[in-house]
Every structure is written in C-alpha cells, then in structure tokens.
Amino acid sequence: MSTQKYTLPPLPYAYDALEPIISSQIMTLHHQKHHQTYITNLNASLEAQASATQANNVPLLISLQQKIKFNGGGHINHSLFWENLAPYNSPATDIVASAPELKRAIEGQFGSVEAFIKAFNTVLLGIQGSGWGWLVKDSAGKLDIVTTKDQDPVTGLVAIFGVDMWEHAYYLQYLNNKAAYVEGVWKVLNWGVAEERFKSGVPIEVSGGGIKL
C-alpha cells in the first residue's frame with residue numbers, strides 16, 4: 001500500500017534574507033536538517049502505519065501514533081513558521097501597511113500593538129523546555145496567545161502566526177539569550193501573511209510540499 005510522501009517546502013526567501021535577526025547558518029540548518037528530519041520520519045511512520053493497517057497489527061498502530069503526532073506536527077509547525085517570516089526591513093514586516101485589520105483587532109483586544117507584543121513575549125519566555133508560542137483566532141473571531149509543547153500543532157483554532165522556541169531556532173546566534181531572539185523576531189515577522197490568515201479564518205491544511213491558507 002503506497003502512502004503520500006511529504007516533501008520539504010522551499011523557503012519563500014534566501015537563507016540570508018532574515019539577517020541580522022536570524023543568521024543564514026541557523027536558517028540553513030533549521031530548514032535543511034531539522035525540518036527535513038521531521039518530514040523523513042513522518043514519511044517513514046506513515047509507511048509503517050500503512051503496513052500495520054494491512055496486517056491488522058493494532059499494537060504497532062498504537063505505538064506509531066506519537067511518532068506521527070511529533071513528526072507531523074514538526075512538519076506543520078515549520079511550514080507555518082517559514083511563511084510567518086519575511087526579509088528584514090521588507091514591507092511585509094510593517095504591521096501598519098501590511099495588516100490593518102489584524103492591527104485593529106489586536107488594539108481592540110490588547111489595548112495596543114505594544115501591549116500585545118509585551119504579552120506575547122512574556123508567554124514565549126515562560127515556555128519551559130521546547131515548544132511554540134502562537135497567536136490564534138477562535139470561531140467567534142477572538143484572538144488569544146497560546147503555547148504548544150514540543151511539536152504539537154495548533155488544532156481547532158486558526159493559527160495566525162507562531163514563534164519557534166526550540167533551541168535550534170536561535171542558539172547558534174543568541175546562545176542562552178532567548179530574550180534577544182524574542183525581541184528580534186518581530187523585525188522579521190510577516191504581517192502580510194498574518195493578515196491573510198486572520199481574514200480567511202480557515203485552519204491550515206498541509207499538502208505534500210507545505211501549507212495551504
């Protein structure tokens with residue numbers, strides 16, 4: 001039984017496009033090694049699942065669920081993350097020009113963009129171990145800041161944007177100074193993509209190459 005094979009989606013910019021905020025070295029390793037590993041392991045787990053299904057091997061099917069969740073989540077989260085980012089100083093990083101509707105919603109709920117960023121940063125720096133911080137929207141249009149552990153993806157909500165807080169996302173450049181990474185990531189945040197996700201209100205779908213809004 002053949003299964004769908006997922007592939008590494010290309011970055012929508014050059015590896016050095018986020019410098020000086022995120023180095024080319026980090027982006028290359030993060031994309032080509034870490035993300036690719038999640039995809040490789042996801043494909044292997046899905047192939048094993050198909051074989052176990054044919055053989056009616058229930059214990060094996062159960063044992064594969066965590067691997068599929070972890071590696072599938074890694075593929076989803078990183079596919080989103082690449083789209084969340086934009087070249088340093090590009091127009092997409094300007095919330096005023098690129099995300100007027102989302103900006104109004106943030107101001108209405110958090111008081112100001114500055115207050116929202118402060119709250120989001122506090123949540124990011126409060127993550128223990130590895131995980132992600134997300135701005136999400138529920139079915140009623142309410143925004144919220146949530147975290148997910150390890151590579152758990154956002155489910156049941158619209159993921160507007162997320163920030164990877166695994167050490168591999170920043171350590172080669174920022175060492176143990178997570179706060180500097182958290183402060184800097186806003187300078188390469190793609191508010192244009194965030195605006196599209198906010199307005200569409202459609203949960204993310206993962207395709208063979210990446211994500212669909």
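Predicted model: local features only at pLDDT ≥ 70, side-chain atom pairs only at ≥ 80, totals over all residues.
Local features are reported at pLDDT of at least 70 and side-chain atom pairs at pLDDT 80 or more, while totals for chains, interfaces and linings use all residues. Residues are numbered from 1 along each chain as its sequence is written, and side-chain values use heavy atoms, with hydrogens and water left out.

An unreviewed UniProt entry lists His-30, His-78, Asp-164 and His-168 under "binding site". These residues span 139 residues in sequence, yet no two of their C-alpha atoms are more than 12.1 Å apart, so they gather at one spot. UniProt positions follow the numbering used here, feature names are shortened, and annotations may be inferred rather than shown by experiment.

His-78 is placed in helix α2, residues 58-84. Helices (H or I, at least four residues) and strands (E, at least two) are DSSP runs numbered from the N terminus. His-78 has 0% relative accessibility and counts as buried. Buried means under 20% relative accessible area, exposed over 50%, and partly exposed in between, with a 1.4 Å probe and protein chains only. Beyond residues up to four places away in sequence, His-78 touches His-30, His-35, Tyr-38, Trp-132, Gln-151, Asp-164 and His-168. Contact means heavy atoms within 4.5 Å.

His-168 lies in the loop between β3 (158-164) and α6 (171-174). Its relative accessible area is 18%, and His-168 is buried. With neighbours within four places in sequence set aside, the contacts of His-168 are Ile-26, His-30, His-34, Tyr-38 and His-78. The side chains of His-168 and His-30 are also joined by a polar contact of 3.2 Å. A polar contact is a pair of N or O atoms within 3.5 Å; within protein, one must be able to donate a hydrogen and the other to accept it, and residues adjacent in sequence count only if both atoms are side-chain atoms.

Met-27 belongs to helix α1, residues 24-54. Met-27 is buried at 1% relative accessibility. Residues up to four places away in sequence aside, Met-27 touches Leu-11, Tyr-13, Tyr-15, Leu-18, Ile-22 and Trp-82.

The largest nonpolar core has 49 residues. Such a core is a set of buried Ala, Val, Leu, Ile, Met, Phe, Trp, Tyr and Cys residues joined through side-chain atoms within 4.5 Å. Leu-102, Phe-161, Tyr-181 and Trp-191 have the most contacts inside the core. Strand β3 gives the largest share of this core, five residues. Another core, of six residues, lies apart from it and includes Tyr-6, Ile-39, Leu-64 and Ile-68. In soluble globular proteins, nonpolar side chains tend to be buried together.

Most residues other than glycine have a negative phi, and most peptide bonds are trans. A cis peptide bond joins Glu-19 and Pro-20, with omega about 10 degrees. Pro-20 is found in the segment before α1. Asn-56, not a glycine, has a positive phi of about 55 degrees. Asn-56 sits in the loop between α1 and α2 and is exposed, at 60% relative accessible area. Asp-150 also has a positive phi, near 50 degrees. Asp-150 is in the loop between β2 (143-149) and β3. With a relative accessible area of 27%, Asp-150 is partly exposed.
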